[in-house]
Amino acid sequence: MSEIALPLAKNIFEAYLSYIRRFNDFTRLAPLYFSQRNWQATQQNHRQRLRLYKDTLLPLAKDLQEKLGTDTTNRTVWSLIRNKYQEMISSRPDAELAQTFFNSIFRKTFLNNPLDEELMYVRGDSNLQHLQEKSDLLNSYPASLGLDQIIRQILQDYDFGGEFMDKEKDVAFLVEGVKKVILSRYQVEVGTKTQLLKPVFYRNKAAYLIGRTYVGNKWMPFIIPFLHGPKGIFVDTLIFDPNLMSHLFSFTRSYFMVEAAIPSQIIEFLSSVIPHKKIHELYNAIGFNKHGKTLFYRDLLEHLEKSTDEFVVAPGIKGMVMTVFTLPSLNIVFKLIKDHFEPPKNMTRQEVREKYKLVSLHDRVGRMADTHEFEYFKIPISRVSTELMKELRNTTNSLLIVTEDSLIIKHLYTERKMVPLNLFLESCTEEEGKRAVEDYGRAILQLAQANIFPGDMMTKNFGLTRQRRVIFYDYDEIEFLEDMNFRAKPKPENFEQIYASEPWYEIKKNDVFPEDFRRWMIGRADLKPHFLDYHSALFDPEYWNSLQQRIRKGELIHAFPYPEEIRFRPDEAV
């Protein structure tokens, strides 16, 4: 059997090398497109990199199945393949990613295998490489240079491929920002120094420098966003707020383009800068979402070993398309597509999966939750509550396999747990409610600017994060904004039209009448007037049509991942 195992292990290894090489090729295009202000190419490049993993995996799985034949599920053969593969990847600086790639191809080839600790890298055994003080990944600036010179040196060290709009003004803004936040509270000492990662983080129309300053016996992390506008490159702001920094790496944001020859070193630095983020979230953020999924599952296994609570039906109004459950002690929900949809829903399960795929490939602009898709997902049957098992049997029975000790779910999505907006609005104060409905409207408008029309915009389909940011998480009716037809309602001209029980005018599939949103968007009497006034544009067909025109012309409308009021030049166009 070893004569079979070695060439197949080589096939898998060579496919991984091809994947990571092409991944890096796409990543290296990001600074080029930033320098050219080629935003359409930026978006296309992002989507191509997202598709790359599956595009590599599927033909490889088909090839392996043909070569293995009846040995496709032969455990002895797979054990030999894994051992040979491990020899090939053991010295690689990205061994953890290579292990995840093996897991993926194993699952695609050895079909319907929920979890195999002997044949997969379930717990992980790679030796992650740590970031050293003198690492080639870091630019370091001693305090002895002086603040003004440090800032100037930073702007000189990073080449964004274009002319600065006003570098002297940028220097002044950054010096003032550091004085205001750091030097007003801490004394510069002999050991004070500043470090920045050499790799630049690109996303949409922005480039970000990630750094930290050692002062006051601790590290003070910061992020510097750069934009490339019609007048040139400029520093947009300086971020010290840990909440804003965390939001830049949020599960609601698209992945960064950043060169990471040794991913674990980049992750280690990011973890020191944004310590509240889990490691799997950081891998997601830099584009290695499949490894992020692996680490998430490892975290889940560890959590199950340390906890005793049961999986239960998630609180909130039950959806018409998805059955949702959760583990109260875990900040995650699990979503299954129902076997049957009640009217007026008339889509298929595959169509729902396509909607989720659309979201995974699209810019989420900080307003849509990232998901992980699992097949043959296994949880201990002893941890499934009676109520949940009944609900699953009633709504998703075709997806279930029940064994003596496990519940195996053929297909599900995992997503960050949020407080449903409708539940929040039932009990919050008026002031809290006003802030929430303002952000609810902003979420819809920002999605529209990204060419997304949510479809079902009821508050039950939105949730609040820990920072009380409103996020959309129900994707079964999502459409591209440019495909919709926004209309003003025709005015009745006679008695029959005024009192007609049904609309007397023709309504086509994608017709939308924004003025109707007023009737149902917010129910609370003390919040509704404020919402209608604050977001009056939502109810104007011309506003929606103007957004369509900009999108159809190819414009990428930049969604700032931080408040516009902290921008140095809030009126500067990008």
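How many bridges join strand 5 to strand 6, and do they run parallel or antiparallel? Keep that one in mind while you look at the structure. The answer is 4 bridges, with strand 5 and strand 6, residues 232–235, running antiparallel. Before we go on, remember that this is a predicted model.

Okay, let's stay with those two strands. To get from strand 5 to strand 6 you go through a hairpin, with 2 residues making the link.

Let's zoom out for a second. The chain has 18 helices and 19 strands in total. Along its principal axes, the C-alpha atoms fill a box of roughly 80 × 70 × 45 Å. For 574 residues, you'd expect a compact globule to have a radius of gyration near 25 Å, and this chain has 26 Å, so the two agree. Buried residues make up 54% of the chain. Also, if you take the contacts with a separation of 6 or more, 70% of them are between residues 24 or more positions apart.

Next, the inside. In soluble globular proteins, nonpolar side chains tend to be buried together. In this model, the largest nonpolar core has 93 residues. Those with the most contacts inside it are Trp-78, Tyr-85, Phe-101, Phe-201, Ile-210 and Phe-249. Helix 1, residues 2–36, gives this core its largest share, 11 residues. Click on Phe-101 and, leaving aside residues up to four places away in sequence, you'll find that it touches residues including Ile-12, Tyr-16, Leu-57 and Tyr-85. There's also a second, separate core of 56 residues, and Val-359, Ile-471, Tyr-473 and Ile-522 are among them.

One helix I'd like you to look at is helix 10, residues 289–306. At 1.5 Å a residue, its 18 residues should span 26 Å, and the end C-alpha atoms are 25 Å apart, which agrees. Its buried residues include His-291, Phe-296, Tyr-297 and Arg-298. What do the buried residues of helix 10 pack against? They pack against helix 4, helix 9, strand 9, strand 10 and strand 12.

The order is 13-15-16, and the pairing is antiparallel. Strand 13, residues 419–420, and strand 16, residues 470–472, are the edges, and each pairs on one side only. Strand 13 is joined to strand 15, residues 462–464, by 2 bridges. To find that pairing on screen, look for Pro-420, which stands opposite Gly-463 in strand 15.

Notes:
Residues are numbered from 1 along each chain as its sequence is written. Side-chain values use heavy atoms; hydrogens and water are left out. Two strands pair if DSSP finds at least two bridges between them. A nonpolar core is a set of buried Ala, Val, Leu, Ile, Met, Phe, Trp, Tyr and Cys residues joined through side-chain atoms within 4.5 Å. Buried means under 20% relative accessible area, exposed over 50%, partly exposed in between (1.4 Å probe, protein chains only). Contact means heavy atoms within 4.5 Å. The expected span of a helix is 1.5 Å times one less than its number of residues. The radius of gyration is taken over C-alpha atoms; the globule rule is 2.2 Å times the number of residues to the power 0.38.
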